[in-house]
Amino acid sequence: MGYPANFRYTKEHEWVNVEGSVATIGITDYAQSELGDVVFVELPKVGAKLETGKSFGNVESVKAVSEIYAPASGEVSEANPELSNKPELLNSDPHGAGWLVKVKLANAAELASLMDGAAYEAYIAQKGKEASA
Amino acid sequence: MDFVTSSAQTELRKTPLNALHRKLGAKMVNFGGWDMPVEYPSSGGLMAEHKAVRGGVGMFDVSHMGDIRIHTGKTAGGALAAVQHLSMNDASKLAIGQAQYSAMLYPQGTFVDDVIVHRLGEDDFLLVINAGTREKDIQWVRQNTAGFDCVVEDLSDAYTQIAIQGPRAVDVLQKLTDANLAPIRNYWFTHGTVCGLPNRLIARTGYTGEDGFEIYVPSEVAASEAVWNSVIEAGREFGIVPCGLGARNTLRLEAKMALYGHEIGDSINVWESGLDRYCKMEKGDFIGRLALANASAAPLKRTLVGIETVERGIARDGYRVFDPAGEEIGVVTSGSPSPTLSRNIALAYVPPDFAAIGTPLCVEVRSQRIKAQVVPTPFYKRAKKPAPQAAGSA
């Protein structure tokens, strides 16, 4: 699966896609493949404040719980309602239907420090090399 | 996000099949100091592996398990006496070719480790022990058999151990051995040629709650890989998949089989663990017996129960358990979504007053307390098949 060039990516494998004043946040294909079968997603409520680098929810696979870290600060305007019944969307379509939350960004300039698609692909390729070394 | 998978670390121990797992693209984790596959994306991942074992057949590398042989010293009987002293089940009841679930205990009646004791000969036993407790166990066995006329051999690195598990396991393995598998009953074993290797131990044992076998082949890498690949090839028509420790854990949890460091450990005694039926107080003295005899006079402080979350959420290892009034009463030892039942199951220690089926409890999942209740165990039990003929009649 490709990594959309217009998304921005964190080292912790979250993505953020800004359209107008709204940023959509999700986890990457690499993240879902590391997690394995996702069975439960815990998301913040509308109105919750996210703070860059802080945990704002959890994704559970059969074997473990993983925290999701905010790629940027802002206020949650929507949480993906599909995920409570279909957590597997995170596995099947992590960059699309498996989105987590939409956020009104507090400071869009924060995103400048994140990776673009090409940089993220290089980053995970490096991780893959370390893992099989 | 943070993941449980680990990158390769040179200090981790590796089984002879390690390179093969990596070639298969397995996700590897540090399990008790061992670099082990947790799941194989090429098999479809944990859920698919779990379902393959319940419905067909799966295979596991369990070479990280340790093996201790205790056999005759100068005079016959010394090994049996040593095993009886070391373990809580009654090894004298075993026929040659039979195995039993047992445990080694500390003098206070708590667990050094759980073991499977195989009777290889009249005065010859093989103890299969856990990976994470290998060194401790071997030291414990040496220390506590010093006064017995027996020979203790650590064979842990001598074997590659492969578990073939599931209702079709017998069909797969039968294609690879001259031994007649049909008459071997659960917890019995035989020796036979496997994949051309003579005199291999073939045991009808496992850790999945399903029918299956564990085979012991020499730990040489090329031979081990050849056996693994032959099993894959033989199992292809039955849909065999390699399975990792992730599925091994969910399978054993559904069957309520104890995991050292979780349901049993050095601070949990036999009565609390509910493993009473494997502890034979009447067989004579053994390490831990006196403490257990004393403990049985007092009421139990806690007992192991199965629970299921009623509200959304997964109770996991270490999560705290509360009564409905909000009083902390216990702790979850293992918990997971159950792939077979599609419910969130867990084992927990609670006071006996809260052990009745249907008792409402709460589990603290992160900052929230969610509703749960006590349910019957095992969570999963395989359908009974007509018992095969006794081993001797074949």
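Leaving aside neighbours within four places in sequence, B:Val231 is in contact with B:Met59, B:Ile162, B:Ile164, B:Val172 and B:Leu176; two residues count as in contact if their C-beta atoms, placed from the backbone, lie within 7 Å. This is a predicted model, in which local features need pLDDT of at least 70, side-chain atom pairs count only at pLDDT 80 or more, and totals for chains, interfaces and linings use all residues. Residues are numbered from 1 along each chain as its sequence is written, while chains are lettered from A and ligands numbered from 1 in the order in which they are written.

B:Val231 also belongs to the largest nonpolar core, which has 107 residues. Together with B:Val83, B:Leu127 and B:Ile164, B:Val231 touches the most other members of that core. A nonpolar core here is a set of buried Ala, Val, Leu, Ile, Met, Phe, Trp, Tyr and Cys residues joined through C-beta atoms within 7 Å. Buried means that 20 or more other C-beta atoms lie within 10 Å of the residue's own, exposed means 12 or fewer, and partly exposed covers what is in between, with C-beta atoms placed from the backbone.

Helix H6 of chain B covers residues 221-235; helices (H or I, at least four residues) and strands (E, at least two) are DSSP runs, numbered from the N terminus. From first C-alpha to last, the 15 residues of H6(B) reach 21 Å, close to the 21 Å expected at 1.5 Å a residue, where the expected span is 1.5 Å times one less than the number of residues. Its buried residues are B:Ser224, B:Val227, B:Trp228, B:Val231, B:Ala234 and B:Gly235. They lie on the same side of H6(B) because they cover an arc of only 130° around the axis, the arc being that of the directions from the helix axis to the C-beta atoms. An α-helix has 3.6 residues a turn, so residues three or four places apart point the same way. Exposed B:Ala222 and B:Asn229 sit on the face of H6(B) turned away from the buried side. Among the elements covering the buried residues of H6(B) are helix H1 (18-23), strand E9 (159-165), strand E10 (189-194) and strand E12 (212-218) of chain B.

E10(B) pairs with strand E11 (residues 197-203) of chain B in the antiparallel sense over five bridges; strands pair if DSSP finds at least two bridges between them. B:Val194 has B:Leu197 in E11(B) as its bridge partner. Two residues stand between the strands of this hairpin, where B:Cys195 takes a positive phi near 50°. E11(B) is in turn joined to E12(B) by three bridges, running antiparallel, and B:Ile202 has B:Ile215 in E12(B) as its bridge partner.

Helix H7 (residues 245-254) of chain B is mostly covered, with nine of its ten residues buried. B:Arg248, B:Asn249 and B:Glu254 are among these buried residues. Their cover includes strand E1 (27-31), strand E2 (34-39) and helix H2 (46-55) of chain B. After H7(B) comes B:Lys256, whose phi is positive, near 55°.

B:Leu86, in helix H3 (residues 78-86) of chain B, is buried, with 28 other C-beta atoms within 10 Å. Beyond four places in sequence, B:Leu86 touches B:Met104, B:Val141, B:Asn144, B:Thr145 and B:Ile287. B:Glu122, in the loop between strand E6 (111-121) and strand E7 (124-129) of chain B, is exposed, with 12 other C-beta atoms within 10 Å. B:Glu122 touches B:Ala76 and B:Ile96, not counting residues up to four places away in sequence.

Finally, turn to chain A, which has three helices and nine strands. Six of its strands form an open antiparallel sheet in the order E1-E2-E3-E9-E8-E5. Strand E1 (8-9) and strand E5 (49-50) of chain A stand at the edges with a single partner strand each, so one side of each lacks a neighbour in the sheet. Six bridges join strand E2 (residues 14-19) to strand E3 (residues 22-27) of chain A, and A:Asn17 has A:Thr24 in E3(A) as its bridge partner. Of the 133 residues of chain A, 41% count as buried.
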